[in-house]
Amino acid sequence: MRPGDTAVSGPVGRGGLRAEGIRFLLDRRRALAGLVGWSVLESGQTFLLGYALARALDDGFLAGRAGTGLWWLGVAGLGVLAGAYGTGRVYGAVAALVEPLRDRLVTRVVRTGVREADGGALSRLTQQVEIARDSFAGLVMVSRSFVFTCVGALAGLASLAPPLLLVVAPPLAAGVGLFFVTLRPLARRQERFLAADEALAQDLGVVCPGLRDVTAAGAEDRIARDTGALVEAESQAARVLARWGVARVVCLALGGRLPLVLLLAGGPWLLDHGVSPGALVGALAYVTQSLVPALTALVHGLGTSGSRLTVVLRRLTDSGAGPGPRSRADERAVCGPRPPSPHRAGGAPRAGASKADAPKAEAARAAVSWVPPLAGASGSVPSALTLSSLTFAYGAAAAPVVDGLTLDLPAGAHLAVVGPSGIGKSTLTALVAGLLEPVRGEIRICGRPVPGADAAARRVLIPQEAYVFTGTLGENLTHLREDAVPEDELLAAADAVGLLPLLDRLGGPAAPVEPAALSAGERQLIALTRAYLSSAPLALLDEATSHLDPAAEARAEGAFAARTGGTLVVVAHRISSAGRADRVLVMDGPRTTLGTHQKVLRDCGLYRDLVGGWEAVGETSRAGAAGDGSQPALPLGDPDGVDAVAGAGLAGDRRHVVAHGPVGQVQVPRDLGDGGPLGGEGQHAELASGQRHLGGLQEPEAE
Ligand SMILES: Nc1ncnc2c1ncn2[C@@H]1O[C@H](COP(=O)(O)OP(=O)(O)OP(=O)(O)O)[C@@H](O)[C@H]1O
């Protein structure tokens, strides 16, 4: 390493950066001299371009001496060859300047990376070093090219005819001057834009992988607000930058186009005042072939590479070369300081949560706070859930999945949604959760519209795939609560939902949880208990108990149904869920049937098919009652109402979830009672294949 290559230590400000840059260049005087030498050869080519063209016309072709004209053109050709050779050597000289810069920066970041033992930071920083090298090389090339092109062209103009210099030089100087005046404010705006872009990229890097969790936690409004603010900030920075970008156009027009216009418009006058036609053509060649391209490269190159280099160098030299931005920001050399993430404001990652999970967990942490049911004008308590002519389709030309659905659920109601697979049950819950917007109609939870400012606080959606993060069990369970949850409340919730055995086994609320070490059913129990503990009055269970055994499912649903002030909507995974609900909504394409289990059983053929057939009611009911004796059967034919079915479980269900008729064209025997004539293994297999057509209403797992 050379003496001047010692790594810089400590933060370096703007002034320090400039001084260090000058020192760096002074240390490389030889490389700079080589660069100048080869650039002179290049500028000789520029000089010859217009001069030889003027001579070829004036002394050759216009004077009737074609040989002389061709000779001068040959000279111009040789100039091009010499210039090309010079350009080739220029690259070598630029490399002699750029590579030491790269080595120096790499040394610095490797030291930092090794010291901090952070491989990721090291990789990002070395990537930024490459960006710095490329930007520096670009900067050297365009500024050098502009200077030597100007020297060659202006010398050529002066030697052809001094009036030409007077026409071209002033507007060129004005354009270049304006460019340098606007360079600093423009670079600052560019930096601001890059910083805003980086902040947005970092925010999206946290939010996007956790979108499912954000949705599950009902944090959409908050995330949309926070990320939206960053989008708006970037948009604002881009607009300001674009306004300043207009200055570049003015520079180019002034320095490049105006000389051309003046030469053409003033052509007759110039010709009358001693400028030869060849000299005028030579001047036009200088402007169009040399000055305009060089000025354009300078304006675009210096504007972009310059500010990029400044930003990257500051990032690399400031504060011991911190790790810098990730993701998209690295690719774009977007460096600026990282603003605090709005999602982290006021909330450090929970103790025990892994680094990887913390952002997800924070993103998912929704402000689900209790919103008391609003009293109407009359003082009456509004319905827990109201759907008015709700209509939704997945596309403008698509058939509606939900069509004119009207529904009113009082607080404390327990609704089961059933229907064939793909009929729209999850779509309905997504609409109620505010994840989809209706095409027509209205949704209200506790009297307030969905979507709406605080809609997410009034419902909690538990999807089939349960979200559990690395942390303590207690952190997982209280994730949706803003306030501290007393341990006895937590234990009571765990007991109600059926989590207590797992809680004991893991070692209590303070025990660490490793999501991958839990079964799918255990994860569902944790998610269910978390939702149970949340303050949201409406719980939406979208096949959220699919991995639980029937008894555990019954217990969890029962807990939600009994939750104080709680209203429950269950997309039924098993038909037994419908039996436990006080209302059943059967979705059958655009047709829907709503009522108590008994009423729907009477009125809806599809529901009868789903539960085993109206005709088989008495028989199956009896068979169910004689099942394992531990749980009452689904009372298909019992007109006394739904109360009797609470807790309907395995034995009854297994007899009833037998479809015949139109559902999925499944032809399954009606009676598969244990010990019956069709109760062998082969029939179980047949039933299992039939289940897949039963619209999410599945038979309990085969024993
Ligand atoms: N994002 C989407 N874009 C377009 N169509 C969709 C989308 N999501 C669902 N659908 C369609 O909407 C219909 C209803 O789907 P949905 O998931 O609501 O049914 P489901 O009753 O919940 O089904 P399952 O019981 O199998 O979960 C289906 O035909 C499905 O293909």
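Why is Leu-284 partly exposed? Leu-284 has 19 other C-beta atoms within 10 Å, and a residue is called partly exposed between the limits for buried (20 or more other C-beta atoms within 10 Å of its own) and exposed (12 or fewer), with C-beta atoms placed from the backbone. The structure is a predicted model, in which local features need pLDDT of at least 70 and side-chain atom pairs count only at pLDDT 80 or more, while totals for chains, interfaces and linings use all residues. Residues are numbered from 1 along each chain as its sequence is written.

Leu-284 belongs to helix α9 (residues 277-317); helices (H or I, at least four residues) and strands (E, at least two) are DSSP runs numbered from the N terminus. Its C-alpha atom is separated by 6.8 Å from that of Leu-260, 24 residues apart along the chain. Ala-199, in helix α5 (residues 162-207), counts as buried because it has 25 C-beta neighbours inside 10 Å. Between Ala-199 and Glu-234, 35 residues apart in sequence, the C-alpha to C-alpha distance is 8.6 Å.

The unreviewed UniProt entry places the feature "transmembrane region" at residues 31-51, 71-98, 136-158, 164-183 and 249-271; such positions follow the numbering used here, feature names are shortened, and annotations may be inferred rather than shown by experiment. Residues 71-98 are 100% helix and 0% strand, with end C-alpha atoms 40 Å apart. For residues 249-271 the values are 96% helix and 0% strand, and the end C-alpha atoms lie 31 Å apart.

The largest nonpolar core has 84 residues, and Val-417, Val-497 and Tyr-607 have the most contacts inside it. A nonpolar core is a set of buried Ala, Val, Leu, Ile, Met, Phe, Trp, Tyr and Cys residues joined through C-beta atoms within 7 Å. Helix α16 (residues 520-533) gives the most to this core, with 7 residues. At least three residues of the core come from each of domain 1 (13-331) and domain 2 (385-604), with bounds from an automatic or database domain assignment. Another core, of 42 residues, lies apart from it and includes Phe-47, Leu-53, Leu-57 and Leu-291.

An open sheet of 6 strands has the order β6-β9-β10-β3-β11-β12, with mixed pairing; two strands pair if DSSP finds at least two bridges between them. At the edges stand β6 (459-462) and β12 (591-595), each with a single partner strand, so one side of each has no neighbour in the sheet. Neighbouring strands are turned by 15° against each other on average, direction ignored. Strand β9 (residues 538-542) runs parallel to β6 and is joined to it by 4 bridges, with Val-460 opposite Ala-539 in β9. Helix α17 (residues 550-562) packs on this sheet, touching β3 (414-418), β9 and β10 (567-571), and its direction makes about 150° with that of β10. Contact requires C-beta atoms, placed from the backbone, within 7 Å; axes are lines fitted to C-alpha atoms, for helices over the stretch in contact, and angles run from 0 to 180 degrees between N-to-C directions.

Another open sheet has 4 strands in the order β2-β1-β4-β5, with antiparallel pairing. Here β2 (402-409) and β5 (448-450) are the edge strands, each with a single partner strand. Strand β4 (residues 440-445) is joined to β5 by 3 bridges, and Ile-445 stands opposite Arg-448 in β5.

Technical notes. Contact = placed C-beta atoms within 7 Å.
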